Amino acid sequence: MATVYPRRIMGVETEFGVTAFEHGKAVLTPEEISRYLFRPVVAEHRSSNIFTDNASRLYLDVGSHPEYATAECDSVTQLLNYDKAGEVIFSDLATQAEQALERDRVGGKVFLFKNNVDSKGNSYGTHENYLISRELALKSFGMQLLPFLITRQLLCGAGMIKKGRFVLSQRADQVWEGVSSATTRTRPIINTRDEPHGDSHRFRRMHVIVGDSNMAEPTFALKVGSTLLVIEMLEAGFDLPDFTLDNAIDHIRDIAADPTGQTPLALKSGGTVTALEVQQATLDAARRWLESRPDEGTPNEEMARVIDLWQRTLDAIASQDFSGVDQEIDWVIKRKLLLQVKDKLGAEWDHPKLAQIDLTYHDINRERGLFYLLERKGLVRRWTTDEAIAHAATAPPETTRASLRGRFLSAARSAGMDHNVDWVHLKTNRPEPRTLELLDPFATEDQRVDEFIAHIRAMDAAD
């Protein structure tokens with residue numbers, strides 16, 4: 001049995017779609033808009049790849065996709081707060097970009113979409129990262145997770161209109177392998193590239209790239225919380241049903257097209273099981289696990305909320321009565337709205353008005369975005385608060401290594417000290433290079449960091 005980490009470090013990376021419109025027409029290219037978006041970042045930091053004051057990473061990814069990677073978090077709600085903080089940070093940059101476009105007499109409104117597929121079919125991702133024990137063989141561990149992960153879209157897909165029909169997931173059509181070290185060539189469900197971002201003798205990072213970006217807070221909490229519970233059970237050797245599939249990836253697109261959850265999955269041992277049955281059996285095991293789960297990291301009380309929403313979602317799928325979750329689950333919220341408009345128009349799924357709704361649901365602008373309009377009208381339930389999100393946008397998590405990075409950044413920037421950081425390293429470059437390595441992602445106190453910050457302040461005082 002491997003070491004179990006009930007208090008688990010995790011993070012989420014989110015790529016955003018970006019564009020700008022003026023009078024219904026596109027303004028500039030995504031690459032040009034992205035340069036406007038990152039202009040204040042480059043002006044302040046001389047780079048488009050930085051760590052923010054909240055110890056998260058902000059950067060312009062390949063393909064001109066703005067990307068935000070949360071700081072290290074150790075509970076579901078904390079991670080949700082830092083994920084939503086990324087929207088706040090980018091919304092502020094979008095406002096500044098609009099002002100710059102106006103000054104340059106280009107004009108246009110900047111749109112950032114937290115989705116996974118653009119109008120031309122290009123895909124961009126949201127990646128989940130979970131700390132696991134180095135004692136685990138990641139490939140075999142990942143294979144055990146695959147039945148859960150390919151059926152998880154029943155719970156947390158963002159939904160989209162595709163080729164004249166509504167499907168549950170935006171990412172399901174973009175992955176082609178189960179477990180692999182590839183990232184863009186074949187897009188596996190689990191990426192095995194060994195980047196622990198910590199002590200490689202103790203930790204591995206499990207990189208999940210199959211999930212959809214979520215707007216609804218309860219959906220995000222269910223996505224991460226359910227996955228955490230399954231990882232914990234596998235690490236602890238807890239009794240889980242064996243749903244080893246003959247070829248997991250063969251089923252993922254069929255599941256996305258079937259909101260009843262009745263897609264039959266071929267078992268390696270022979271016979272079949274439905275997607276809904278995989279989820280229900282996994283949930284039943286998670287409910288038993290919660291009875292003995294150490295109350296660390298994400299509190300058991302919060303995990304009980306995850307399990308409650310998990311069960312209500314599966315019940316809704318089984319009965320096809322979604323009234324119990326139509327304010328909490330992204331694909332259900334979106335499909336309900338689309339069906340209302342579709343029926344009112346007497347249209348088919350390919351109507352341009354429906355495509356517009358499908359896209360604007362993911363607009364992160366809290367004054368303009370369709371999702372946030374629903375939230376203001378009380379048609380979407382919350383999991384966290386605006387106050388908690390606002391705090392996360394400016395301050396690092398206090399319960400992980402991110403707090404040390406945040407303190408270092410604050411000191412270095414206040415002193416005007418030339419510096420660099422990454423997930424593990426803190427570095428000053430002048431007057432002589434000095435680097436500190438932080439290999440424990442759980443650490444919140446470190447005398448070496450205290451001494452490093454004291455050194456920075458002494459250097460500043462001496463100038």
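Two strands count as paired here if DSSP finds at least two bridges between them. Keep that in mind as you work through these exercises on a predicted model.

**Exercise 1. In what order do the strands of the open sheet of 3 strands stand, and which of them are at the edges?**

Solution. 
- Step 1: Follow the pairing across the sheet. The order is E3-E2-E7, and the pairing is antiparallel.
- Step 2: Look for strands with a single partner.
- Step 3: Check one pairing in detail. Strand E2 (residues 17-22) is joined to E7 by 5 bridges, and Gly-17 sits opposite Phe-113 in E7.
- Background: strands of a sheet pair through backbone hydrogen bonds, either parallel or antiparallel.

**Exercise 2. Is strand E1 (residues 10-15) mostly covered or mostly open, and which strands does E1 pair with?**

Solution. 
- Step 1: Apply the cut-off: buried means under 20% relative accessible area. By this test, 6 of the 6 residues of E1 are buried.
- Step 2: Take the two faces in turn. Met-10, Val-12 and Thr-14 are buried on one side, and Gly-11, Glu-13 and Glu-15 are buried on the other.
- Step 3: Find the partners. E1 runs antiparallel to strand E8 (residues 126-133), with 5 bridges between them; Glu-13 has His-127 as its bridge partner there.
- Step 4: E1 also pairs with strand E6 (residues 65-69), again in the antiparallel sense, over 3 bridges. In E6, Glu-67 is the bridge partner of Glu-15.

**Exercise 3. Which residues of helix H13 (residues 386-394) are buried, and what covers them?**

Solution. 
- Step 1: The buried residues include Ile-389, Ala-392 and Ala-393.
- Step 2: Ask where they point. Their arc around the axis is only 105°, so they lie on the same side of H13.
- Step 3: Recall the helix geometry: an α-helix has 3.6 residues a turn, so residues three or four places apart point the same way.
- Step 4: Turn to the face away from the buried side of H13, where the exposed residues Glu-387 and Thr-394 are found.
- Step 5: Among the elements that cover the buried residues of H13 are helix H3 (76-103) and helix H6 (217-236).

**Exercise 4. Are Leu-28 and Ala-55 buried or partly exposed?**

Solution. 
- Step 1: Start with the backbone. Most residues other than glycine have a negative phi, and most peptide bonds are trans.
- Step 2: Leu-28 has a positive phi of about 60°. Leu-28 lies in the loop between E3 and helix H1 (30-37), and its relative accessibility of 35% makes it partly exposed.
- Step 3: Ala-55 also has a positive phi, near 70°. Ala-55 belongs to the loop between E4 and strand E5 (57-61) and is buried, at 0% relative accessible area.
- Step 4: For a peptide bond to set beside these, go to Arg-430 and Pro-431, which are joined by a cis bond with omega about 5°. Pro-431 is in the loop between strand E17 (425-428) and strand E18 (434-437).

**Exercise 5. Which residues are closest to the centre of the second largest pocket?**

Solution. 
- Step 1: The second largest pocket has a volume of about 600 Å³. Of its 26 lining residues, His-45, Arg-413, His-419, Asn-420 and Val-421 are closest to the centre.
- Step 2: Helix H2 (39-45), strand E4 (49-51), helix H14 (402-414) and strand E16 (419-421) each give at least two residues to the lining.
- Step 3: By type, the lining has 8 nonpolar, 9 polar and 9 charged residues.

How values were computed. Residues are numbered from 1 along each chain as its sequence is written. This is a predicted model: local features need pLDDT of at least 70, side-chain atom pairs count only at pLDDT 80 or more; totals for chains, interfaces and linings use all residues. Side-chain values use heavy atoms; hydrogens and water are left out. On a 1 Å grid over the protein atoms alone, a cavity is a set of points where a 1.4 Å probe fits but cannot get out, and a pocket is an open set with protein on both sides within 12 Å along at least five of seven lines; lining residues have an atom within 4 Å of a point. Grid points are joined across faces, edges and corners, and a volume is the space filled by probe spheres set on the points. Helices (H or I, at least four residues) and strands (E, at least two) are DSSP runs, numbered from the N terminus. Ala, Val, Leu, Ile, Met, Phe, Trp, Tyr, Cys and Pro count as nonpolar, Asp, Glu, Lys and Arg as charged, and the others, Gly among them, as polar. Buried means under 20% relative accessible area, exposed over 50%, partly exposed in between (1.4 Å probe, protein chains only). The arc is that of the directions from the helix axis to the C-beta atoms. Contact means heavy atoms within 4.5 Å.
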